[in-house]
Amino acid sequence: MKNIKDYNFEQLKQELINLGEKAFRAEQIFKWLYQEKVKSFDEMTNISLELREKLKENYTICNFGILKKQESKDGTIKYLFDILDGNAIETVLMSYHHGYSICVSSQIGCKMGCKFCASTGINFIRNLTSGEIVEQILAVEQDTGVKISNVVFMGIGEPLDNYDNVINSIHIINHPKGLNIGARHISISTSGIVPKIYRLAEENIQCTLSISLHATTNEKRSEMMPVNNTYKIEELLQACKDYIAKTNRRISFEYALAKDNNDNLEDAKRLVHLLKGMLCHVNLIPINKIENGKFTKATNENIMKFRDYLNEHGIVATIRRELGSDIDAACRTIKKKKFVMVPGLNAKKLAFKPGTIDNLKNNTNQTATTFIHNTL
Ligand code: SF4
C-alpha cells in the first residue's frame, strides 16, 4: 500500500480527486498529519467515516518504531528507527541556542564510499521515500514534544543521489500546511554530484547547499572521496559558482581536517585560492577516526591555525562544534564506528540488509545492524 506521507500537498489533492473526493480534503489531512501529528486515520475526526475507511483501504500512515534511543550529555539524541520493512535508519536531534535541529538520513546505506565515513563498506540497499524522510522528523517531534526548526540532510546517504524523493520531502517539510519549516532552515549536504547541483539550482528552493570538499588537490580528494574521480575539484567548484550566480545563495563548504593529510598551511593557502571571491562559508570539522579508517583528527593547534589563515585571507571559516560525541553522533561524515551493537544481542558480524530487524527480534545469533551516522 502507498504511504500517505509520500505525497506533497498538490499530489495529495490529486490523489483525493482520483478517489472521487474534494481536493480541499488534502488540507485537512495535511493538518492532521503534520500539525496534529496523529498516528492513525481514525484520529482525523473532522473527516467523514466513509473517507477515513477509503484512506485506510488505500494508504498506510507509516509510523516508525523506535528501536533504540541514546541521549548525550549535551542533549543530543540519536534514534535508531524501525522503518517497517525490516531495515533500520538513524536520525539525530541536536539542541542549539537557536532551536532544535534534526539530521535526517536519505538512503539506507550509501554508494559514495568516502574513506572517512562510517557508511563506507555498508551495502547500499535503497533510497528512502519522501514519506520516510518526513517521518523521521515527525517521529522525533512525537517522541520529544519539541518543535524542530532546522533540518539537515547529513545522515546516512547522499541526498542528491536520491534527488526526487529528497526534493519532494522538502516540499512537504517546507509547506505552510505541512511541517512549515522555512526553506532557509533546510540544508542539503552533498559529496559533489555535479549534474545534480545544476539541477538543484533550477528548483527555486531557498535551502542551503553544503559541499563536502575536504581537500584542495584532486590527488588528495580522490583519495578521500571516490566521487572526485568522476567530478574533479575544478568542475565541482564551477558548478558551485554557477549555483551561486543562479540562486544568489551562499554555499557552505565542509572541510574535515585530518592530521598530516589536509591540515597544513599549504592546504589552507590552496583553499583560499580555490574559494577566493565566492559567496561562501567554510565549516572546519575536526575529523573523527572511524574503525579501520586511515585518517585521524588534526591537532587543535593546527585546526585553529587553519581557521585563522582562512579568516585572515578573506574566507569566513568556523570550527564546527562537536555534539553527541559520547554517543557516536558527532559529524555525519566522520563517524567513529560503523555500527552499534544492540544490547543483549550476540551481534558480532554486522550486515545492513533487509530482514535485519526481524533477525534482531527473532534470532539473537543473527547479525544485527544499526548503522550509526551523524550530525552537525
Ligand atoms: S560522507 Fe555522505 S556521501 Fe560520503 S559515504 Fe558518507 S554518507 Fe555517503
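Which residue just after α11 takes a positive phi? G314 does, at about 85 degrees. The model is a predicted one, in which local features need pLDDT of at least 70, side-chain atom pairs count only at pLDDT 80 or more, and totals for chains, interfaces and linings use all residues. Residues are numbered from 1 along each chain as its sequence is written.

The protein chain contains 12 helices and 14 strands. These elements are DSSP runs numbered from the N terminus, with helices being H or I of at least four residues and strands E of at least two. The chain has 376 residues, of which 47% count as buried. A residue is buried if 20 or more other C-beta atoms lie within 10 Å of its own, exposed if 12 or fewer, and partly exposed in between, with C-beta atoms placed from the backbone. Two residues are in contact if their C-beta atoms, placed from the backbone, lie within 7 Å.

Helix α11 covers residues 300–312. Its 13 residues reach 18 Å from first C-alpha to last, close to the 18 Å expected at 1.5 Å a residue. The expected span is 1.5 Å times one less than the number of residues in the helix. F306, R307 and L310 are the buried residues of α11. Seen down the axis of α11, they fall within an arc of 95 degrees, so they line one face of the helix. The arc is that of the directions from the helix axis to the C-beta atoms. The face turned away from the buried side of α11 carries the exposed residues E301, D308 and E312. On the buried side, packing is against β12 (251–257), α10 (265–275), β13 (280–286) and β14 (317–319).

Axes are lines fitted to C-alpha atoms, for helices over the stretch in contact, and angles run from 0 to 180 degrees between N-to-C directions. Angles under 35 degrees count as roughly parallel, over 145 as roughly antiparallel, 65 to 115 as roughly perpendicular and the rest as oblique. The crossing of α10 and α11 is right-handed. A crossing is right-handed if the near helix is turned clockwise from the far one by less than a right angle, and left-handed if anticlockwise. From α10, L265, A268, L271 and V272 meet F306, Y309 and L310 of α11.

Helices α4 (residues 130–144) and α5 (residues 163–174) form another pair. Their axes are 8 Å apart, at an angle of about 45 degrees. That angle makes α4 oblique to α5. Here, too, α4 passes α5 in a right-handed crossing. S130, I133, V134 and I137 of α4 make the contact with N165, V166, N168, S169, I172 and I173 of α5. The 12 residues of α5 should span 16 Å at 1.5 Å a residue, and the end C-alpha atoms are 16 Å apart, which agrees. Buried residues of α5 are V166, I167, S169, I170, I172, I173 and N174. They pack against α4, β9 (148–153) and β10 (186–190).

Helix α6 pairs with α9 (residues 233–247), their axes coming within 9 Å and crossing at roughly 0 degrees. That makes α6 roughly parallel to α9. The α6 side of the contact consists of V194, I197, Y198 and A201. The α9 side consists of E235, L236, A239, C240, D242, Y243, K246 and T247. E202 lies in the loop between α6 (194–201) and β11 (208–212). With 10 C-beta neighbours inside 10 Å, E202 counts as exposed. The C-alpha atoms of E202 and K246 are separated by 7.9 Å, although the residues are 44 apart along the chain.

Most residues other than glycine have a negative phi. H214 is not a glycine, yet has a positive phi of about 65 degrees. H214 sits in the loop between β11 and α7 (218–224). It is buried, with 28 other C-beta atoms within 10 Å. D260, also not a glycine, has a positive phi of about 55 degrees. The loop between β12 and α10 holds D260. D260 counts as exposed, with 11 C-beta neighbours inside 10 Å.
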